[in-house]
Amino acid sequence: MSGGRAIWTTVSVIAIAAIVIFMIILLWPTPAAPQVGAVTPTAEVIARGAYMTAAADCIACHTAEGGKPFAGGRAFKLPFGTIYAPNITPDPDTGIGQWSDGEFLRAMRKGIGRHDEQLYPAFPYTSYAKMTDEDTLAIKAYLFTQPPVHTTGTENDLRFPFDQRRLVRFWNILFAHEEPFRPDSTQTPVWNRGAYLVTAVGHCGECHTPRNLLYGLSGKALAGETMQGWTAWNITADPDHGIGKWSVEDLMVYMRDGYAPGRGVASGPMKEAVDYSLSRLTDADRRAIAVYLRTVDPVQSGPVPRTQLAAQADLANEGEENALGMRIFEGACASCHGFDGEGMQTPAAALLGRRSVADPAGLNVVQTVLSGGSVRAPHGHAFMPSFHAAYSDEEIAATSNFVLSHFGGQRASLDAQVVAKARQQ
């Protein structure tokens with residue numbers, strides 16, 4: 001009997017909690033759009049909006065591959081389904097052409113659309129909520145100067161119950177508490193500018209901060225996370241796991257070029273952030289970001305880059321364990337990367353010191369082999385071709401395992417299934 005009562009007690013608690021959540025979702029009021037005076041789109045406002053739009057990296061998320069700028073349609077594959085970015089051109093029917101300034105502010109601050117619909121937090125409104133009214137409305141003014149694009153749109157493909165937008169109200173109660181950024185009077189203007197760009201406009205934490213089971217950001221700010229098939233590295237001030245050993249100049253060069261000698265090369269979503277956002281900032285703003293990042297509380301999580309190869313005896317053993325991968329690397333990769341990890345034709349091809357090859361999960365190695373990459377640095381343009389069609393899943397897994405073992409000292413066990421999944425990201 002006692003066991004039965006315990007079960008019924010548990011069921012009752014769950015039922016009561018479900019009813020409470022349902023009532024909150026049903027009765028919680030939708031914030032009205034704030035009443036703000038219309039912003040006159042002067043040349044100065046539009047120029048400011050163009051800069052802030054780049055700083056916020058809007059084009060990267062709201063432009064599909066091969067599509068028109070800001071016209072939406074890009075797919076974001078999340079653990080609970082696929083979300084498609086909306087059209088934010090000034091088209092009056094399928095874009096934001098009829099949005100008022102107040103409605104735009106509410107969307108950026110509260111994640112609520114023009115028709116009072118909840119927006120999914122794949123849109124980083126919890127970060128944008130920290131932006132000033134002036135910067136937010138300048139972005140709107142700039143977007144309204146773009147060519148309107150009429151689109152049919154693509155419906156989100158989310159599993160139940162995540163397809164119920166009203167549930168986001170409960171998520172907002174738990175996780176959406178941000179207010180406009182307030183400068184820290186104990187810090188310098190440069191530090192405060194960097195904090196504003198990192199935590200608000202640039203929304204760096206949306207990719208680099210671990211998320212919990214409900215997709216909310218954890219307390220370990222910028223400690224690294226895996227999303228969209230790529231790992232965004234730990235960028236806290238930890239000297240081993242993060243960027244604590246990077247100088248301000250290292251970080252500035254990386255943001256400008258997507259490459260910092262001896263530190264790493266930007267790939268995947270980070271390369272997009274460099275191309276469309278960070279490289280377009282002023283040197284002063286890149287410096288401010290670097291100054292702020294070097295003060296972020298250090299967190300010991302994520303891979304530690306390797307600075308030298310293993311002993312010769314270990315190298316001989318890895319050749320036996322990864323014979324297929326070693327053979328493919330020798331034929332397709334060694335002419336650029338070399339076996340010593342220093343890079344043959346360009347220092348950008350160096351693999352020693354890369355966190356990607358020290359990560360036993362190996363996701364960024366697999367994705368880079370599949371998609372290739374490029375970097376345009378002061379010493380010249382470096383290009384890596386895509387091997388997406390050149391090798392099978394098994395061969396790419398074997399090559400990645402060899403790279404992780406030889407250059408990262410990892411006993412990786414990637415298989416064809418991991419590569420097949422990566423191809424679909």
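Trainee: In which helix is the place of Tyr-254?
Mentor: Helices (H or I, at least four residues) and strands (E, at least two) are DSSP runs, numbered from the N terminus. Tyr-254 has its place in helix α10. Please note that this is a predicted model, in which local features need pLDDT of at least 70 and side-chain atom pairs count only at pLDDT 80 or more, while totals for chains, interfaces and linings use all residues. Residues are numbered from 1 along each chain as its sequence is written, and side-chain values use heavy atoms, with hydrogens and water left out.

Trainee: Is Tyr-254 buried or exposed?
Mentor: Buried means under 20% relative accessible area, exposed over 50%, and partly exposed in between (1.4 Å probe, protein chains only). Tyr-254 has 14% relative accessibility, so the residue counts as buried. Of the 425 residues of the protein, 46% count as buried.

Trainee: Which residues does Tyr-254 touch, not counting residues up to four places away in sequence?
Mentor: Contact means heavy atoms within 4.5 Å. By that rule Tyr-254 touches Trp-246, Tyr-259, Ala-260, Gly-264, Val-265, Ala-266, Met-270 and Val-274.

Trainee: How many helices and strands has the protein?
Mentor: The protein has 18 helices and 9 strands. Among contacts between residues at least 6 apart in sequence, 63% join residues at least 24 apart.

Trainee: Which residues touch the most other members of the largest nonpolar core?
Mentor: A nonpolar core is a set of buried Ala, Val, Leu, Ile, Met, Phe, Trp, Tyr and Cys residues joined through side-chain atoms within 4.5 Å. The largest such core here has 43 residues, and Met-131, Ile-139, Leu-143, Val-201, Ile-289, Tyr-292 and Leu-293 touch the most other members. At least two residues of this core come from each of α2 (43–55), α4 (101–110), α6 (133–143), α8 (189–201), α10 (248–257) and α12 (283–293). Helix α8 gives the most, with 7 residues. Apart from this core lies another, of 20 residues, among them Leu-351, Val-365, Leu-370 and Ala-397.

Trainee: With which residues is Leu-143 in contact, leaving aside its neighbours within four places in sequence?
Mentor: Leu-143 is in contact with Phe-70, Ile-88, Pro-90, Ile-96 and Phe-104. Phe-70 itself lies in the loop between α3 (58–61) and β1 (75–78), and its relative accessible area of 4% makes it buried. Its phi is near 70°, a positive value in a residue other than glycine.

Trainee: How should I describe two packed helices?
Mentor: Two packed helices are described by the angle between their axes and the distance between the axes. Axes are lines fitted to C-alpha atoms, for helices over the stretch in contact, and angles run from 0 to 180 degrees between N-to-C directions. Here α8 and α12 pack at an angle of about 90°, with their axes 7 Å apart. These two helices are therefore roughly perpendicular to each other; angles under 35 degrees count as roughly parallel, over 145 as roughly antiparallel, 65 to 115 as roughly perpendicular and the rest as oblique. On the α8 side, the contact includes Trp-191 and Leu-197, and on the α12 side it includes Ile-289 and Tyr-292.

Trainee: How many salt bridges does a search of the whole structure find?
Mentor: A salt bridge is a side-chain nitrogen of Lys or Arg within 4 Å of a carboxyl oxygen of Asp or Glu. The search finds 16. In one of them, Asp-283 pairs with Arg-286, the closest N and O atoms being 2.6 Å apart. Both residues lie in helix α12, 3 residues apart, about one turn of the helix. Asp-283 is partly exposed at 47% relative accessible area, whereas Arg-286 is buried at 5%. Another salt bridge joins Asp-275 and Lys-271 (2.9 Å, N to O), and these residues lie 4 residues apart in helix α11 (residues 268–276).

Trainee: Where does Pro-161 lie?
Mentor: Pro-161 lies in the loop between β3 (157–158) and α7 (167–175). The peptide bond from Phe-160 to Pro-161 is cis, with omega near 5°.
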